Amino acid sequence: MATGRISLTRFLIERQRDKALINADLRLLIETVARACKAISHAVNKGALAGNLGSAGTDNVQGEVQKKLDVLSNEILLEANEWGGNLAALASEEMEDPHPIPTHFPKGEYLLLFDPLDGSSNIDVNVSVGTIFSVLRCPKAASGEGYCEADEKAFLQPGTAQIAAGFAVYGPTTMLVLTVGDGTHGFTLDREMGSFVLTHPDIRIPEDTAEFAINMSNMRRWEAPVKRYIDECLAGKTGPRGKDFNMRWVASMVADVYRIITRGGIFMYPRDDKNKAGRLRLMYEANPMSFIIEQAGGASTDGRGRLMEVKPEGLHQRVAVILGSKNEVERVTAYHKE
Ligand code: AFP
């Protein structure tokens with residue numbers, strides 16, 4: 001066995017013991033989510049061999065067709081997390097209402113939100129998908145009891161209230177990217193050992209970039225500031241930016257964000273004529289990804305202000321998302337202000 005490797009467990013214990021950044025309950029919660037991600041990674045990897053591809057024949061709360069792996073990933077995360085005694089409730093992009101902790105299990109102070117399988121329309125074509133999660137503290141009940149009434153209202157906290165966030169990407173390797181508020185760190189799944197190993201400590205996103213990610217087929221529907229920004233990128237060396245830009249769009253946010261934290265870039269899913277509020281979900285995608293991006297030195301806005309300061313009005317609220325390399329995100333935000 002290789003020595004000197006820092007496992008996810010050791011990383012978390014050091015955050016708990018040396019930095020007092022997390023407590024034992026939060027450590028258990030993150031380790032449980034990571035274990036569930038290993039199970040999902042395995043199911044994704046098996047694909048057709050386990051009969052896992054294709055549609056489940058149901059729609060989710062967003063009116064989107066659910067894949068079999070959407071349903072399975074959701075079940076894996078629910079089952080893994082409901083008995084640990086550290087959660088007050090869970091919320092999933094795939095379920096209309098918060099999922100309460102069954103009465104025969106103890107409850108705790110945390111709220112877990114997740115998108116069990118982001119990018120799931122890419123499953124059947126064998127392109128990377130992933131799991132995104134966010135952890136909030138449940139506001140204490142007015143009665144002062146040990147845990148709060150974890151209804152939908154308890155979840156409606158801005159991104160700045162997150163105490164941990166992360167995502168797994170099931171690609172050529174399975175990676176877990178995590179923040180507990182002291183930087184963004186990447187772990188690679190060692191399948192033989194069955195553990196996540198710290199391979200990308202203190203990830204930093206370059207402040208400048210010449211790469212953008214956006215679904216160009218929506219161009220005719222964009223607002224003027226976004227159109228201006230992309231037009232200037234497309235104009236290349238002879239345009240106002242004086243340099244050529246490259247474009248990437250995986251259509252799995254986890255894969256696009258992973259690329260951006262690795263080599264820089266800007267990711268945009270702006271509001272448009274069709275998606276008037278935006279397309280991505282504030283609580284399951286925008287907030288956790290914004291926390292991860294900011295902790296890696298990047299920036300994240302909805303075009304008008306910092307995404308993590310948006311006051312949520314609903315569990316499944318959609319927002320515009322612009323995130324990645326700081327200087328480019330600031331440029332797009334400035335265009336919105338002009
Ligand atoms: P699915 O999970 O339904 O595949 O959606 C993925 C996603 O929420 C996000 O991961 C992508 O960035 C975005 O949608 C892709 O949207 P378009 O299909 O409109 O490009």
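**Helix 1 against helix 2**

Hi everyone, let's start with a helix pair: the axes of helix 1 (residues 8–17) and helix 2 (residues 24–46) come within 10 Å and cross at roughly 160°. The axes here are lines fitted to C-alpha atoms over the stretch in contact, with angles from 0 to 180 degrees between N-to-C directions. Helices are DSSP runs of H or I with at least four residues, strands are E runs of at least two, and both are numbered from the N terminus.

A quick word on the source: this is a predicted model, where local features need pLDDT of at least 70 and side-chain atom pairs count only at pLDDT 80 or more, while totals for chains, interfaces and linings use all residues. Residues are numbered from 1 along each chain as its sequence is written, and side-chain values use heavy atoms, with hydrogens and water left out.

Back to our pair: helix 1 and helix 2 are therefore roughly antiparallel, a label for angles over 145 degrees.

Which residues meet? From helix 1 we have Leu8, Thr9, Leu12, Ile13 and Gln16, and from helix 2 Ala24, Arg27, Ile30, Glu31 and Ala34; contact means heavy atoms within 4.5 Å. By class, that contact has six nonpolar, two polar and two charged residues.

Now the whole protein. Its secondary structure comes to eight helices and 17 strands. The C-alpha trace spans about 65 × 50 × 45 Å along the principal axes. Of the 338 residues, 57% are buried, meaning under 20% relative accessible area with a 1.4 Å probe, protein chains only. And among contacts between residues at least 6 apart in sequence, 63% join residues at least 24 apart. Thanks, everyone!

Notes. Parallel < 35°, antiparallel > 145°, perpendicular 65-115°, else oblique. Nonpolar A, V, L, I, M, F, W, Y, C, P; charged D, E, K, R; others polar. Buried < 20%, exposed > 50% of the residue type's maximum accessible area, 1.4 Å probe, protein only.
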